[in-house]
Amino acid sequence: MTGTASRPTLEAVAARAGVSRATASRVVNGGDGVREPLVERVRRAVEELGYVPNQAARSLVTRRHDAVAVVIAEPETRVFADPFFALQLRGISKELTAHDSQLVLLLTEGRDDHARVGRYLAGGHVDGALVFSLHLHDPLPGLIQGAGVPTVFGGRPGWADGTRDAAPTVYVDCDNRGGAREAVRHLAGLGRTRIAHITGALDQTSAADRLDGFRDVMADVDPALIAEGDFTPAGGEHAMRELLERRPDVDAVFAANDLSASGALRVLRERGRRVPDDVAVIGFDDMLPVAEQTDPPLTTVRQDIEEIGRLMARLLLRGLDRGAVRGLGHGAARDLDRRAGEDHLGDAPSSVVLPTTLVRRASA
């Protein structure tokens, strides 16, 4: 066995830097009121000694744990099979890593999982939570509110219109309704007149908003041209079969996401329908592992999924730094204007709705 060197102490850092222990502590813990030359001396001493702050002691001073819970209201079988979640987690992870914060992943599948997540959040293990893929009547928001954990949501929560008696809600989303309108207008512009829609899971606001966008353009649509899906390839297959049985004359399909569209394409190919000659198909998300690999490559509405994750984390961290997360605004969500790499989040964190764009490939 080899001997283990003792860990450098804060007192050693202070002695090396020639400052008091209190001054060294303020610098190490990110406090204010220390002159820049002294800050540089302490930082140099930390580097030279290889000092690593004791997280438990640091938390007592800063009341921060440098950890954020990422809560996905889906079972693990869905999370690890759907590239949407990987993209969003990548954006979150990049932002948290840049701010030296740890990501704690929590998944929910049933009532026991909800209770477990609620207990963990209430136990004071994390500084805040990022929550996405909520479903209608999901108990998670109530548990999170009860735990008093600062939270940013991915996707517009169902109560963001003021129908829920809860603390002010901050979320990041894309323009689901506007993106759906653009997709359907594109299909109509191709001369398609029997345009169908495969919905997502309608207990989620993203699916409801995309259905509303479809109806904005197809106001008098035959109900037989709307089939309910669930954002999965299997759901897309089932919905496409329903549509072909009810309306075999369908000449275009707008699917609520790329995975549903991939399932629809498989069924159309099985039935001998040519895409886009006989039936044009558009998806939503522009997940490259899906959209570029379908046959034919998929025309789709692009949302920047990774950027949504990054902005969720940034909003939470900014609010924590200002001690203002619980007061984050009831004000209307605003568009995020990003060009040439500029970040226009502004000083006060608020909900953000990112624009979408139509990406044209071979399917429509």
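A residue is called buried here when its relative accessible area is under 20%. The structure is a predicted model, and the points below go through some of its local features.

1. Helix 1 spans residues 10-17, and its buried residues are Leu10, Val13, Ala14 and Ala17. Viewed down the axis of helix 1, these buried residues fall within an arc of 95 degrees, so they line one face of the helix. Their packing partners are helix 2 (21-28) and helix 3 (36-49). Just after helix 1 comes glycine 18, with a positive phi of about 70 degrees.

2. Proline 53 sits in the loop between helix 3 and helix 4 (55-62). Its relative accessibility is 31%, so proline 53 counts as partly exposed. Asparagine 29 is 24 residues away from proline 53 in sequence, while the two C-alpha atoms are 8.5 Å apart in space.

3. Two residues deserve a look for their backbone angles. Most residues other than glycine have a negative phi. Aspartate 100 is not a glycine, yet has a positive phi of about 55 degrees. Aspartate 286 also has a positive phi, near 60 degrees, and is likewise a residue other than glycine.

4. Aspartate 100 is in the loop between helix 6 (83-98) and strand 2 (102-107), and with a relative accessible area of 58% it is exposed. Aspartate 286 is in the loop between strand 9 and helix 13; at 9% relative accessibility, aspartate 286 counts as buried.

5. Helix 11 (residues 233-246) and helix 12 (residues 258-270) pack with their axes 7 Å apart, at an angle of about 50 degrees. The two helices are therefore oblique to each other. Their crossing is right-handed. On the helix 11 side, the residues that meet helix 12 are Pro233, Gly236, Glu237, Met240, Arg241 and Leu244. The residues they meet in helix 12 include Leu259, Ser262, Gly263, Arg266, Val267 and Glu270.

6. Most peptide bonds are trans. The bond from valine 275 to proline 276 is cis, with omega near 10 degrees. Proline 276 lies in the loop between helix 12 and strand 9 (280-285). The bond from aspartate 295 to proline 296 is also cis, with omega near 0 degrees. Proline 296 is placed in the loop between helix 13 and strand 10.

7. Threonine 294 belongs to the loop between helix 13 (288-291) and strand 10 (299-302). Its relative accessibility is 13%, so threonine 294 counts as buried. A polar atom of the threonine 294 side chain lies 3.2 Å from the backbone nitrogen of leucine 298. With neighbours within four places in sequence left aside, threonine 294 is in contact with Ser262 and Leu265.

Methods. Residues are numbered from 1 along each chain as its sequence is written. This is a predicted model: local features need pLDDT of at least 70, side-chain atom pairs count only at pLDDT 80 or more; totals for chains, interfaces and linings use all residues. Side-chain values use heavy atoms; hydrogens and water are left out. Buried means under 20% relative accessible area, exposed over 50%, partly exposed in between (1.4 Å probe, protein chains only). Helices (H or I, at least four residues) and strands (E, at least two) are DSSP runs, numbered from the N terminus. The arc is that of the directions from the helix axis to the C-beta atoms. Contact means heavy atoms within 4.5 Å. A polar contact is a pair of N or O atoms within 3.5 Å; within protein, one must be able to donate a hydrogen and the other to accept it, and residues adjacent in sequence count only if both atoms are side-chain atoms. Axes are lines fitted to C-alpha atoms, for helices over the stretch in contact, and angles run from 0 to 180 degrees between N-to-C directions. Angles under 35 degrees count as roughly parallel, over 145 as roughly antiparallel, 65 to 115 as roughly perpendicular and the rest as oblique. A crossing is left-handed if the near helix is turned anticlockwise from the far one by less than a right angle, and right-handed if clockwise.
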